[in-house]
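Please open the model in your viewer and keep the selection tool at hand, as each stop below says what to pick next and what is found there.

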Amino acid sequence: MARQSAHSYGASPRTMPSERAAMDRALELARRGPAFGPNPRVGCVLLGAPDRGLTGPVDGDLRVLAEGWHEGAGTAHAEAAALASAFGAGVDVRGATAVVTLEPCNHTGRTGPCAQALLDAGIARVVVAVPDPNPQAAGGAEHLRTGGVDVAVGVGQAQGRALLQHWLAAVDRARPFVTLKLAVSIDGRIAAADGSSRWITSEVARQHAHGLRAEVDAIAVGTGTVAADDPSLTARNAAGGLTGHQPLRVVVGHREVPAGARLRGPGGELVHLRTHDVAAVLAALHEREVRHLLVEGGPMLATAFLRGGFVDELYTYVAPVLLGTGLTAVGDLGVGSIGEALRFVPREPVPLGPDVLIVSTPVRASRAPATTTEESR
């Protein structure tokens, strides 16, 4: 990981108001990029002196010369996009400041190293929100400093880390960030005694869940859920059509996916992982550069992820319905007393028609590893 500059946000008089305003703008630009995919969402703003005669001062210090953001894997990184915009407009960026939400990369992948591109363009100062934790790409800040560029790291870091939370966690842990989704009655049931479960939650809640699917890289279910529910695991818009991005459809377990299953219809690629080992599932998806995994069911798979300590975030859609009996959302978690309960911190309640979504994160980072799931629902 690159060393943090002494010129960090709020600590240095050399951090100008224009740079902090530009970082806010860079974060806004970064959000235009896709939430899914192997690459992080990054935005960049190039600032120059007012005497360049360009448009719109951010404040009295510097003016915006150009902007850019990363539009997804295989496209120009944010820094390169901003430089290309400036060059295309005939703007001289020598001596300018680059404000970027993630430390410029220092390696050649699908595109060239951004740190070198900034050096070659004559950028004099680089302001960064978040250091790059990826050992293959990190080192850009130090490379820039070696080239004589003034680098400040940590400007708007909290906002930058919030934007990149899934990607940062995936890179740091060498596994996908895992969101477990549950749709339950208020007594914790996901199906009635006869197995019927359509629909516990409302159309409003289901459409929200489709929006979540459209932002993840992969969705996982067990073979028991495939047999019981025949899900399609697609992301759909309000009109019922497929969204532009379709996540990988991951089936965990040994039983075959039937030839006529909806999982074999239109949608994302079907990936059948013939294992009961949750860690092996995550390793296989990491190899595919999956950064964000949505676990949708059934209860045995959800239980295995929870017991293994692999759930990073919990989305619970709660409907004002009582079933009294039927299938519960999770199975045996190995909890023998209230003191051993898996506890979560709610982040935000979201009203969705008659239902409510509770987003929460685990209090404890991990539990004793679990190695198997059950195929049955």
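Begin at the start of helix α9 by selecting D277 and A279, where a side-chain oxygen of D277 comes to within 3.0 Å of the backbone nitrogen of A279. This is a predicted model, in which local features need pLDDT of at least 70 and side-chain atom pairs count only at pLDDT 80 or more, while totals for chains, interfaces and linings use all residues. Residues are numbered from 1 along each chain as its sequence is written, and side-chain values use heavy atoms, with hydrogens and water left out.

Next, select the whole of α9, residues 278-287; helices here are DSSP runs of H or I with at least four residues, and strands are runs of E with at least two, numbered from the N terminus. Within α9, V278, V281, L282 and L285 are buried, meaning under 20% relative accessible area with a 1.4 Å probe, protein chains only. These four lie on the same side of α9, because they cover an arc of only 95° around the axis, taken from the directions from the helix axis to the C-beta atoms. Among the elements that cover them are β6, β10 (270-273) and β11 (292-297), contact being heavy atoms within 4.5 Å. Just after α9, select E289, which takes a positive phi of about 65°.

Finally, move to strand β6 (residues 177-185) and pick T179, which is buried with a relative accessible area of 0%. Residues that T179 touches include H292, L294 and Y315, leaving aside those up to four places away in sequence.

Terms used:
Buried < 20%, exposed > 50% of the residue type's maximum accessible area, 1.4 Å probe, protein only. Polar contact = N/O pair within 3.5 Å; in protein donor to acceptor, adjacent residues only side chain to side chain.
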